[in-house]
Structures are given as structure tokens and as C-alpha cells.
Amino acid sequence: MTDVGHPAAEAGHLAGLLLVTTLGTPDGPFTVVEETDGTVWASGWSADVGDLLHRAHIAPGTPLAPSRGPSAAVRAVLSLYEGDAAPLAGVPVRRSGTAFQQEVWRGLRDIPVGTTLSYSRLGECIGRPRAVRAVGLACGRNAVAPFVPCHRVVGADGSLTGYAWGLEVKRHLLTLEGALRP
């Protein structure tokens, strides 16, 4: 797992240029916003870059430019749609959030491809068994899907529950990963 912290991320500021790529997927347009070194700051199933920047708490006015070619993040998303989700885990990400949210997001990256966990089980895995609602809220604040795979978290009864990009996208991702049958 590659995961980096950045003091500027905590303040919602970034020095330098961010590169933007939007590609077509079976689930609609997917956009990734990343540093020139390939570290992803925002991503999701939307062509609305402004919305993604807002979700990731990236300061307005941060310089943006189109990507120069397919990055590791873009290749990982394409690989996902070809049936191999493993490359997602190797993409470095930076996120702005509380210490608890960071714990949850690290825990999400530890969920193996092809499996799901309930919110309560994820809480247990990070040593916070009573924080089920807070775990759910942290999942909802994830601004770097699918690199931080919040789609792998389900309800206590195994049912698909909320996903920022829609339950159909969540269902499709879990099917691609082998956690659900087509």
C-alpha cells in the first residue's frame, strides 16, 4: 500500500500544478486529479472537476492542467475495468481529514480485492469497534475513490449501502472485483 501524508493537505492548500484526466468508463466519466509525481488528490465518477476539488478540500485557484499522458492512476482504473483491481492499491494518494478519518481511510486500503467488510467490522479492524457511524461518515468523505476502496464496505447484513458515486457504480465495482456475482 502506498499512502502519503502532506502538511499542506491538512490545510487544504497545495503548492504547484495539478494534472487532470477525464476518461470514459462503463460507469460514466471518471476524473483523476493528481500531482505531477502521480499522487492522487481527488478522483471519482464525474466530469465536474470543481466538484471533485471541493470534495477533496483543494483550495480554489489551485493551478490545473490537462495530463500529459496516461498516469499510473489512469492505468489502474483502466486495469480495474479489465478485471484487475490490484494496481489500485499501488497508487499514492493524499487526503485532507481528521486523524480518525485518516485511520479509516488507511483501513479501507487494507481490505483485500474481492472482499467486503461491514462498517462495524472495519471499525473493529482499526481498533474503534464502537465508532460505526463515524466510520460510515469517514467513508462518505473519501475523495479518492477507488484508490481508497470505500466501495468494499457494506451494511451489517451484507447489503449495499450508500456510495457517493451511486449504488450501481458500487455494485459494478464489486462485481468486477469478484465480491459479487454478475
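Buried here means under 20% relative accessible area, and the exercises below apply that cut-off to a predicted model.

**Exercise 1.** Determine which residues of helix α4 are buried, and decide how far the helix is enclosed by the rest of the structure.

*Solution.* Begin with the extent of the helix, which runs over residues 99-109 and has 11 residues. Applying the cut-off then picks out F100, Q101, Q102, V104, W105, G107, L108 and R109 as buried. Because eight of the 11 residues are buried, α4 is largely enclosed by the rest of the structure.

**Exercise 2.** Describe the largest nonpolar core, and trace the surroundings of W45.

*Solution.* The core has 49 residues, and those with the most contacts inside it are W45, V104, L108, L122, C139 and F147. Its largest share, six residues, is supplied by helix α3 (residues 72-81). For W45, set aside the neighbours within four places in sequence; the contacts that are left include F30, Y81, P146, W165 and L173.

**Exercise 3.** Characterise the largest cavity by its volume and its lining.

*Solution.* The volume is about 50 Å³. Among the lining residues are W41, R55, H57, W105 and R141, and the lining as a whole divides into four nonpolar, two polar and four charged residues.

Conventions: Residues are numbered from 1 along each chain as its sequence is written. This is a predicted model: local features need pLDDT of at least 70, side-chain atom pairs count only at pLDDT 80 or more; totals for chains, interfaces and linings use all residues. Side-chain values use heavy atoms; hydrogens and water are left out. A nonpolar core is a set of buried Ala, Val, Leu, Ile, Met, Phe, Trp, Tyr and Cys residues joined through side-chain atoms within 4.5 Å. Buried means under 20% relative accessible area, exposed over 50%, partly exposed in between (1.4 Å probe, protein chains only). Helices (H or I, at least four residues) and strands (E, at least two) are DSSP runs, numbered from the N terminus. Contact means heavy atoms within 4.5 Å. On a 1 Å grid over the protein atoms alone, a cavity is a set of points where a 1.4 Å probe fits but cannot get out, and a pocket is an open set with protein on both sides within 12 Å along at least five of seven lines; lining residues have an atom within 4 Å of a point. Grid points are joined across faces, edges and corners, and a volume is the space filled by probe spheres set on the points. Ala, Val, Leu, Ile, Met, Phe, Trp, Tyr, Cys and Pro count as nonpolar, Asp, Glu, Lys and Arg as charged, and the others, Gly among them, as polar.
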